[in-house]
Amino acid sequence: MALDSKTPQGPIADKWTNYKNHINLVNPANKRNIDVIVVGTGLAGGSAAATLAELGYNVKAFCFQDSPRRAHSIAAQGGINAAKNYQGDGDSTYRLFYDTVKGGDYRSREANVYRLAEVSANIIDQCVAQGVPFAREYGGLLDNRSFGGVLVSRTFYAAGQTGQQLLLGAYSAMNRQIGRGKIKMYNRHEMLDVVVVDGKARGIIARNLVTGEIERHSAHAVVLGTGGYGNVFFLSTNAMGSNVTAAWKAHKRGSYFANPCYTQIHPTCIPVSGDHQSKLTLMSESLRNDGRIWVPKNMKDVTAIREGRLKPTEIADENRDYYLERRYPAFGNLVPRDVASRAAKERCDAGYGVNATGEAVYLDFATAIQRYGKEQATVKHLDANDKALIKKLGQEVVKNKYGNLFQMYEKIVDQDPYNTPMMIYPAVHYTMGGLWVDYNLMTTVPGLYAIGEANFSDHGANRLGASALMQGLADGYFVLPYTIGNYLSDDIRTGPISTETPEFVQAEKEVKEKINFFITNKGSHSVDYFHKKLGKIMWDKVGMSRNVTGLTEAISEIKALREEFWKEVRVPGTNEEFNEQLAKAGRVADFLELGELFAKDALDREESCGGHFREDSIELSGEQKGEAKRDDENYAYVAAWEYKGEPSAAVLHKEELEFKDIELKQRSYK
Amino acid sequence: MSGILNSSIGRKFAMALSAFFLMVFLLQHFTINLLSVISEDTFNNVSHFMGTFWLVQYVLQPVLIFGVIFHFIMGFVLEVRNRNARQISYAKNNGNANSTWMSRNMIWSGLAILAFIGLHFYDFWLPEINTKFIEGDMSGLLPNGEYRYFEELQHKFVDVWRVVLYCIAFVFLALHLLHGFSSAFQSTGANNKYTKGLQGFGKAYAIIIPLGFVFIALFHYFNH
Amino acid sequence: MNLTLKIWRQKNANDKGKMVDYQIGDISGDMSFLEMLDLLNDQLINKGEEPVAFDHDCREGICGMCSLYINGEAHGPDRGVTTCQLHMRMFKDGETIFIEPFRAKAFPVIKDLVVDRSAFDRIQHAGGFISVNTSGNTIDANTIPVNKHDADDAFSAATCIGCGACVASCKNSSAMLYLGAKISQFALLPQGKIEATDRVLNMVKQMDEEGFGNCTNTGACEVECPKGISLENIARLNREYLSATLKG
């Protein structure tokens, strides 16, 4: 099947308006007869469910958590981008569009990104109207901060928990519709398959995680807002429950999976402390506004620090290597995430890591504390030469901006970041890849939509900070409600979808068989045993830097691990109860397939772009020597994989990317 | 406004209002009692006025009795409801880590006070009602022509056991007030920049008033 | 560290349940409390026993999914943290640790340490929102200026993660801090004032119907709240409710 992105014709700035002017609409009376299933209640799913219900559709929403408010969007810290230009610093829709495409290393679809930038401003209006308590200036207007990879301040925020506040906004919009009976909410339910009837997505099979009951749910369209698959690495900043199952089942039912290898490794996470570790904790990118990243210049200092003989604060400025400022003078500590992560890895691989494992660099606030302290002293007419006072005043400012992050760091690491630099290291954070969707956000299965992190569309090979929240809400509030109407306008005479058709019966049977297998298999290892092994393969061979040997090994190792899993996995308990191990077994089974496709995709893409770094594709000379080298001639396409049984048998379809409004350039942050 | 007592917040509000009323009454009671230490005559005069003035006897007294009964009944109602809200209790609960003993045991300090009021009514209120309304003697005078109030007061504090019981009751009153004073303000929605000062004042009130009562009781015990 | 764990085990909602003792060794102070339980569960699974069920998800203190009443306190002895961010360095070698579910009639146990907190959601359904459509046809965000002080207070109230520690710690199982936080967030913002009367009346009514107890101002909730939500929010809820009642 040829991939048709269904991008509307016309100049890029008019595409979305023209599209909206010409789509088919469903009249309000008919909307009452149409059901839509939304799986996932994060920013994308939650906002979509609320909006669709407001429009009049009957929505059934599903989440595996005990409340829709707990979806992992809640953990987003730093902020949300919007081209409001409130700061008057030259921002515009075009500039946000440009920054996002450039930041994504020219691997995203122009029309989608432009639409995202176009609706971004409205998200802020919407959220403020909903009562989202964004940070404000003393004049009562909204405040902005600046994020990596851009030269303007366009990020709106609510201290270090913007995701939580935005999600609670979407949750409140959902609650209003739940109260009115327009959304039927299914908490503690996990989607285990998509049901396709006559080529169209017509429902799902879900498991009630409390009773174990397998349920059939039908609808005229199914929307997946089920997030990313970073947990394929076992250790990531994702929530423990985040999984690929919904997206993977859709893939198995005919949705192409695009760019699985595009993974964002976030540069500022708390380093791993030991084998017991179950997840990694992010320290918001916003910290890079004020924190300076460094490692010691001299190996003897590194050794002394590791042996506990030297404190980082005792190293003089001239003996520190502020490597981001050194390598990228224009953007300094605010280079995009992929660049910052690789630079940290480069220093640590060279032996300059500052903790016992050798995998940590410093993020230092001493300079910012001094600067803010002096500012405050001036404002308050206090003695600018009193060092203790300056430090105190500066720490207060930093506390106001990042207090909750500093507290979190201290609780986890047991060190006070106000007085000693934080230790950070990159960790898996976000997956740009996901289900392939067209301009309508529809996958290759008609009636099956993917929104938010679950799709692949807007961030190319690297996502800029504060853009995930923007995309999730844009998709859910402003894009999908239009595009899905265009599709559903054909369904006004369809009537209720029966759950008694052979397709539903068959899908339910397959789900039950798999569960039954897990319960009865008398294996010797727990699910986590396999998950950890998979994570290690992924991190070592398909992580921040990739090569042919490693990827080839990864593919065969994952395949072998998968085979072992299906023989040796042990799941305690029964189906007819709350059984977390059982739920996890199904998720890990899917990760074990996705992981292989992930490595296959990474092997196939013989270029470095964004989060995908191939050691065999770097600049060999010139100003950019050693930086990642993109290959636009051969790889300016979206790799969309079609399921054919085994991951190794997946068939590649290419959507060639056209850049009409942005010139393809090497990304330079120097 | 209807049905306010059917809501949790409404009940708490009513509880707080009756508490305010009782705290004002307590202050007034204390002031008059204190007169017994300062001046026998003044005490007698004021007591006679309070015991015979129609507004006090026929309006304020019934209101007070209603306030006391209401406060107790509502206290019990809340206690029952609150106990019902957790049907299985914790195997280990470290209440001291997050709250004061007083705040968690208002029902017990309240019951102690209720018991005391029983004794107090037996000691003073019932004889008073008997003299005035059953025997019909509204004169307030002893056979020797002097006011009976101070005499009766001192007579009550002859027995050491009664003095001890009174003192114990005042300790419970203090415990009750230590939480109750600021709690009543919080229940009525008063929590602002004055709260800290108010809490300090509440603590002082909760300690000084009961301590004063103890002092008065001991004074009469040692000086009768 | 070596520890003795006393954990509430309950097969399902209808089971009676009991405390069961477990021994666990080799615990590092850098482990989070839930990682310690992961280790216990791994050992139980390998022994062929049923692992202990507990709620958890983000493990960075923000989703509000994790609960647990540890040694007599919601989210354990540390302050300002959820159980997932409670670290084992808070405990001593040889210590006995009680681990129980959050207890309240309104939070029935589903299994072991997992409780059903959907009563919280139902309170929100009754009015925890501002009735604007998400169609996008709203006015520009900066046409609604908000006093910074109010905006900051609204934010502080809105940091509630809905974990239920307030209910669990309250001797009366009252949900007033939870509701107070939501009411305050909207009461402090101009956008929220329009529906203030109906919102507070409906939400309090729902809260009462769910079987939560009455607030007696012990302040335990504020101390145990992992996000430090202040009692001022309960006072504000009281004010809002009383003025709404007067308005009818």
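1. Which residues does Arg337(A) touch, not counting residues up to four places away in sequence? In this predicted model, the partners of Arg337(A) on that count are Gly148(A), Gln264(A), His266(A), Pro267(A), Glu285(A), Asn462(A) and Gly465(A). The residue is found in helix 10 of chain A, and UniProt lists Arg337(A) for "active site", in an unreviewed entry. Arg337(A) counts as buried because 27 other C-beta atoms lie within 10 Å, where 20 or more are needed for that label.

2. A UniProt feature, again from an unreviewed entry, covers residues 35-469 of chain A under the name "domain: FAD-dependent oxidoreductase 2 FAD-binding".

3. Elsewhere in chain A, Val194(A) has its place in strand 6 (residues 189-197). Is this residue buried or exposed? Val194(A) is buried, because 28 other C-beta atoms lie within 10 Å of its own, against the 20 or more that the label requires. Leaving aside neighbours within four places in sequence, Val194(A) is in contact with Ala201(A), Ile204(A), Val222(A), Lys249(A), Ala250(A), Arg253(A) and Leu448(A). Between Val194(A) and Pro417(A) there are 223 residues of separation in sequence and 47 Å in space, C-alpha to C-alpha.

4. Chain A also holds an open sheet of four strands, which run in the order 16-10-18-19 with antiparallel pairing. Strand 16 (434-435) and strand 19 (651-656) of chain A stand at the edges, and because each has a single partner strand, one side of each is left without a neighbour in the sheet. Strand 10 (residues 257-258) of chain A pairs with strand 16 of chain A in the antiparallel sense over two bridges, and within this part of the sheet Phe257(A) stands opposite Leu435(A) in strand 16.

5. Turning to the other chains, 40 residues of chain C are in contact with 36 residues of chain B. Strand 5 (96-100), helix 7 (196-209), helix 8 (220-224) and helix 9 (232-247) of chain C each supply at least two residues of the side of chain C that touches chain B. Helix 9 of chain C gives the most to that side, with 10 residues. The residues of the side of chain C that touches chain B divide into 15 nonpolar, 15 polar and 10 charged.

6. As to confidence, the mean pLDDT of chain B is 93, and 99% of the residues of chain B reach 70 or more. Within chain B, confidence is lowest in helix 6 (residues 149-156), at a mean of 91, and highest in helix 4 (residues 101-104), at 97.

Key
Residues are numbered from 1 along each chain as its sequence is written. Chains are lettered from A and ligands numbered from 1 in the order in which they are written. This is a predicted model: local features need pLDDT of at least 70, side-chain atom pairs count only at pLDDT 80 or more; totals for chains, interfaces and linings use all residues. A residue is buried if 20 or more other C-beta atoms lie within 10 Å of its own, exposed if 12 or fewer, and partly exposed in between; C-beta atoms are placed from the backbone. Two residues are in contact if their C-beta atoms, placed from the backbone, lie within 7 Å. Ala, Val, Leu, Ile, Met, Phe, Trp, Tyr, Cys and Pro count as nonpolar, Asp, Glu, Lys and Arg as charged, and the others, Gly among them, as polar. pLDDT is the predictor's confidence in each residue, from 0 to 100. UniProt positions are given in the numbering used here, feature names are shortened, and annotations may be inferred rather than shown by experiment. Two strands pair if DSSP finds at least two bridges between them.
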